[in-house]
Amino acid sequence: MELKDIHSPEDIKHLTVDELSNLSDRLRDALLSKLSAKGGHIGPNLGMVEATVALHYVFNAPEDKIVFDVSHQSYVHKMLTGRIEAFIDPAHYGDVTGYTCPRESDYDLFEIGHTSTSVGLAGGLAKARDLRGGKENVVAVIGDGSLSGGEAFEGLDYAAELGSNFIVVVNDNDMSIAENHGGMYANLRELRETDGQCATNLFKSLGYDYRYVAYGNNIGALVKAFQEVKDIDHPVVVHICTQKGKGFGPAEAHREEFHYGGPFDKSSGLPLIIDEQADYGTITAEHLLDKMKSDPEIAVITAGTPGVIGFTPELRNAAGRQFIDVGIAEQEAVALSSGLAKGGAKPFFGVVSSFIQRAYDQLSQDVAINNTPVTIGVFYGSMYGMNDTTHLGWFDIALLSNIPGFVYLAPTCKEEYLSMVDWALEQTEYPVAIRVPGVMVSESGKTYAADYSNLNKFCVEHCGSDVAIIGAGSFFGLGENVARELQKKGVDATVINPRYLSGIDDNLLDELKTNHRLVVTLEDGILDGGFGEKIARFYGTSNMKVKCYGLKKEFADRYDANELAKECRLTAPQIEEDILSILKSE
């Protein structure tokens, strides 16, 4: 059959095992064509081709419920469920998201982009089925890397007692984004080495029935295993061993590099776009590694995403025991950081903005209440970062800046960022988070303060009158641009770098009342609960007008950052226009 003729899983159910194998090869070729042209999650999807085909061949979705963990490996699932055009026609490559999406299809149950979620979500579906007397199969698909997250364990722990149909497919490719870390992986390795027969079995210990498939890219073995557990009346784990990047040599050989990537040459695997510009991850890794060489108390922590902070395999080896990967477990990373700080070490936890949301309780309870001097580097906190609805980087200011005791710093450039990192690691008075300034590296060539212990002291970069522009972090440059344009119109605006997102400079804000009529705040985050609201609240009953610029509280998806900026009036001409209009109206 032609790929274009696949409109639903029903279209493949009449095929023989050999024909399913042939279909898998053609699906993989189509995947490679799209991935090489557009980029995306490469290794995870290439490795899951046969397993996804077998799932849809055996089970009857959408009546049977299939929940993909993270769902970044759901491309073939989409190809089989009415969205094949988005993978074989370049004109439609942009029609679907990179994750399961209920807005696209009834076959997609949840919008999921964070890890360790599928077992808990599927457990809820199974319980709901039991309460209403349903009979459908419920299947949770989860990778071995995702098992390291606490939510995965909690889901497994609960669902083991369901006493009804519940199928967990563990896709074990001996790999997270980078290598796996954690004690459970010794048992997974032992299970692989003994064909699932070793005495110690993590899943059986929790109360699950257990099946093992040594060749998880063998369609016949997968079909047989899934047929055996279909309509089962108790919880079971089907442990399948797959090859991450299967069928594409470069992705098989360089699994970490090809977890996710941009467009590449289909024959060689070499990237089509080579960005030689510096990035904050590399800058962070080089700076921290240099400090670690002379200070054995510094510990760098990642929750399964070492590439975010620039720690390549070579740099991880160079850091030795001072580099810690806790697996995909942000809660553990934050709690561990607090313990490290309490024990006299100097922890730096580097994390993606949207991922730090997963550890709110630990930030509050384990760190802030105990006032442990951890340092957290928050990366991709920007509207100009990742634009999938599951990975938005604009909620962290409202989240972190409002936890009592936390100092949230907003550097404007590379030099100020590194100064803040140095201070945060050496001070012992506060937990400190640093919002890495945007995605593109900005260098000012200036020397910045080495001490930020005089909390909430804003820095006036230019002193003017009538209008004060407070540009936080990566939006400080936007504030400078607006001020330059206003200067041409005869308005000499004061320009302020607030440096702190977690507090305000009462004295400076009071002083502005003497010769200013308008204060403008700019922040690369949502307005609700954000930095600007702190300024507006301060001026509440005074005559000072305040105009706050930032983002709407929404889950935007695959947006164009420049268009979004216009919608939120976050371009320099729009801000200038608003300021002049406000001044004129008085």
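Reader: Which residues in H1 meet Ile219, Gly220 and Val223 in H10?

Author: Val17, Leu20, Ser21 and Ser24 in H1 meet them, contact being heavy atoms within 4.5 Å. This is a predicted model, in which local features need pLDDT of at least 70 and side-chain atom pairs count only at pLDDT 80 or more, while totals for chains, interfaces and linings use all residues. Residues are numbered from 1 along each chain as its sequence is written, and side-chain values use heavy atoms, with hydrogens and water left out.

Reader: What makes up the contact of H1 with H10 by class?

Author: The contact of H1 with H10 has 4 nonpolar, 3 polar and no charged residues (Ala, Val, Leu, Ile, Met, Phe, Trp, Tyr, Cys and Pro count as nonpolar, Asp, Glu, Lys and Arg as charged, and the others, Gly among them, as polar).

Reader: How do H1 and H3 pack, and why is H1 called oblique to H3?

Author: Helix H1 (residues 17–38) and helix H3 (residues 49–58) pack at an angle of about 125 degrees, with their axes 9 Å apart. That angle makes H1 oblique to H3, because angles under 35 degrees count as roughly parallel, over 145 as roughly antiparallel, 65 to 115 as roughly perpendicular and the rest as oblique. The crossing of H1 and H3 is right-handed. Leu20, Ser24, Leu27, Arg28 and Leu31 in H1 meet Val49, Glu50, Val53 and Tyr57 in H3, and by class this contact has 6 nonpolar, 1 polar and 2 charged residues.

Reader: What makes the peptide bond that joins Ala61 and Pro62 stand out?

Author: The bond between Ala61 and Pro62 is cis, with omega about 5 degrees, and Pro62 is found in the loop between H3 and strand E2. Most peptide bonds are trans, and most residues other than glycine have a negative phi.

Reader: What is the phi of Asp174, and why is Asp174 called partly exposed?

Author: Asp174, although not a glycine, has a positive phi of about 55 degrees, and Asp174 lies in the loop between strand E4 and helix H8. The relative accessible area of Asp174 is 37%, and therefore Asp174 is partly exposed (buried means under 20%, exposed over 50%, partly exposed in between, with a 1.4 Å probe and protein chains only). Arg569, found in the loop between helix H22 and helix H23, has a positive phi near 55 degrees, and at 29% relative accessibility Arg569 counts as partly exposed.

Reader: What makes E2 and E5 edge strands?

Author: The open sheet of 5 strands has the order E2-E3-E4-E6-E5, with parallel pairing, and E2 and E5 are its edge strands, each pairing on one side only. Two strands pair if DSSP finds at least two bridges between them; 7 bridges join E4 to E6, with Asn171 having Ile240 as its bridge partner in E6.

Reader: How do you know that both faces of strand E13 are covered?

Author: Val432 and Ile434 on one side of E13, and Ala433 and Arg435 on the other, are all buried. Strand E11 pairs with E13 in the parallel sense over 4 bridges, and 3 bridges join strand E12 to E13, also running parallel. Ile434 in E13 stands opposite Gly377 and opposite Leu409.

Technical notes: Axes are lines fitted to C-alpha atoms, for helices over the stretch in contact, and angles run from 0 to 180 degrees between N-to-C directions. Helices (H or I, at least four residues) and strands (E, at least two) are DSSP runs, numbered from the N terminus. A crossing is left-handed if the near helix is turned anticlockwise from the far one by less than a right angle, and right-handed if clockwise.
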